[in-house]
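Subject: Structure handover

Hello,

Here is the structure for you to look over. My notes on it follow below.

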Amino acid sequence: MNSLELITLGLLGLIAYSSIYIIASVSLNFQFGYAGIPNFGLLFSIAAGAYTTGALTGRLAMWYYGIGNDLDYIMDNTKIITMLNSKLSNDPLGGIFLLLITILVAMLVGAILGFIASFPAIRLREDYLLMMLIAMGEAVRIIGTNYTPLVGGTLWVNVPNLFAWTGLYSPYVIVIMMVITAILVFFFIQVIVSSPFGRLIRAMREEETATVFLGKNVVKVKIIVMMVGSSLASLSGVLFSLYTGSVIASGFTRVDWTFWPWLMLLIGGKGNNIGALIGAISVVSARRLVIFIKHDFEAIFPFSVVWLEQILLGLALIFFIIFRPQGLLPEKPTKPRGINYKDIASNILKKK
Amino acid sequence: MYIIDAIMYANLLTMMTIGFTLTYIIAKIPNFAHGTFAVIGIYVTYTVSEIWGLNPYLSIPLSFFVVGGVALTQYFFIIRPLIKMKATRISLTITTIAMEIIIFAVVNVYIEYIRKVYAAQGLYPVAFLLKRKDFTIFNLPGVFIVSSILIITITTLLYLMLTKTKFGIAMRATVEDSELASVMGVDVNKVNAFAWFLPGGLAGMAGSIMPLWFQAHSQVGSYIIISTFAGSILGGISSIYGAIIGGFIVGLSETLGVIFLSDTIGSWITAYRLLIPLTILAVTLLILPKGFTGLIEDYMDKRILSKLGERK
């Protein structure tokens, strides 16, 4: 492999992981930055997306092509996926159909889980909700690692390559699809938060009692935010499994899929989507760089780099909370569309 | 045997919930690093017993002070500066989560260090059990007796401290209204420091007892913290006595529930043990968000109101 290919591969990885984590951190920003719901159970939404991809896409494709009825999905996984990939390699429509179904179901599952996880504690103070969400994240992971029919438990399942029809270009096409999804999610959230609903959730974050007093149903709004947020976050699980081509249940740890996105959000600036985006890109770049220098590093230190990375993660969280709680890009007052402040100001001045 | 299992676990969990609740009522934040405090205790025991070759019981007081010290460091270097900066409770909570990650990583570095340095002795610190080093009295395992005595002593001492000593009364005053208490001459800082040191110490003790009866590994923290949430919230999170009851109930129902379910449904259910405290947590939050303490308070209120009614 020459150096050009290596660089292309590295860049592709960087773009892919950036898109995955941008979705995670921006949807977290929607929940925490704008609505003030401290979602420390982000893991369960992302795992929901990945588990749906692992459990559903392959089975759906089996049914769609009517093959492998005599095979066990988990045990003969590699065989089935190879058969499916050869079918998919000359069926673009089937690939796109499966992709859309997977995304839809994953978002639905994410929304339902968001509802289940937040419902018991949504009326209570935020720390109760925090405990409930953390516990829920662990629970989803435990179900994933122990319930074998889902995604193989301690084994793993492969995901069919839904872009097999693009032939050699499929790694590039997947990454382009991921970037498009990330951009769509970003703008979707941007549109929501600059809409009247966005003002409502910010009002709720700042002063819940006053919002209730103005006749808004805060509990309902919070549940909607949790459902929308976690259905969007589940997309990053879908993309991650499509990109890596497999789902490993035990890989969905709190540190990787809850705390790293939180650090990205806190670095970038909560309540600012561009901040969340920049935070995600910079943290992902730093982590990708660590992978490149990993081997030189492990020769110096007598322990694996994973732990050093985690210690740095913890220290960075504490550092940003103490020294720069607003993040690199602080929240800006958003301008509601359709209101021209210049006109209003000049009208007031004229009256005077 | 099952009963011993259940009571042992309940004892350990109660030590955890007492500490978690104590921090919660004084600092007003849930300390997520509490579970990993127990993990430090576990590896203090490992060091004392396997590396130094001493009696594992010696590690109980040692981990009390070591982990208490860690908790105190956390308070002085992270929590107190942030409180002074008037940080929100969510920010404070996030730092405790960061602390959890750091402690977990440091413990794992220590594990890898032991594996490298003591590779010749064949030590395996990743997961271990020290049951063989325990003694027995009247066919009862020593750790069962020791932990039961410990939990009774802790409860009694806490009760005496909170009701009979000046410091305990100062503590209760701080819980009620920390600003007013400081105006009345209570050293709130001292109370706060104590509210981090003691829970840390108790969690360390729970952790250091654990390997004598249960399989211990560095992941224990992330499981036991969820049972601790459930116990504290079931007890009502606003009172230490509630935490004792809640911790005991969750501990017993977790162990006995798993045994009962694996007898009736099948042994595959044991892997889903964590779902029991999760269910308790969810159900408590749904139907009884104030926990047992809230239930008792409501009952007291009603009694007082009805007595007032009689007088009219």
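**Helix 5 of chain B**

Four residues of helix 5 of chain B are buried: B:Val143, B:Phe144, B:Ser147 and B:Ile151. Keep in mind that the model is predicted. What covers these buried residues? The cover includes helix 1, strand 3 (140-141) and helix 8 (188-209), which belong to chain B.

Helix 5 itself runs over residues 142-164, 23 residues in total. From first C-alpha to last it reaches 32 Å. That is close to the 33 Å expected at 1.5 Å a residue.

**Two lysines with positive phi**

B:Lys28 is not a glycine, yet its phi is positive, at about 65 degrees. Where is B:Lys28 found? It is in the loop that links helix 1 (2-27) and helix 2 (34-51) of chain B. B:Lys28 counts as partly exposed because it has 14 C-beta neighbours inside 10 Å, between the cut-offs of 12 or fewer for exposed and 20 or more for buried.

B:Lys86 also has a positive phi, near 55 degrees, and is likewise a residue other than glycine. The loop between helix 3 (59-84) and helix 4 (89-117) of chain B holds B:Lys86. Is B:Lys86 buried or exposed? B:Lys86 has 7 C-beta neighbours inside 10 Å, so it counts as exposed.

**Confidence**

Chain B averages a pLDDT of 86. In that chain, 99% of the residues score at least 70. For the complex, the predictor gives an ipTM of 0.85 and a pTM of 0.88. Where pLDDT is low, the predicted coordinates should not be read in detail.

Best wishes

Definitions and conventions:
Residues are numbered from 1 along each chain as its sequence is written. Chains are lettered from A and ligands numbered from 1 in the order in which they are written. This is a predicted model: local features need pLDDT of at least 70, side-chain atom pairs count only at pLDDT 80 or more; totals for chains, interfaces and linings use all residues. The expected span of a helix is 1.5 Å times one less than its number of residues. Two residues are in contact if their C-beta atoms, placed from the backbone, lie within 7 Å. pLDDT is the predictor's confidence in each residue, from 0 to 100.
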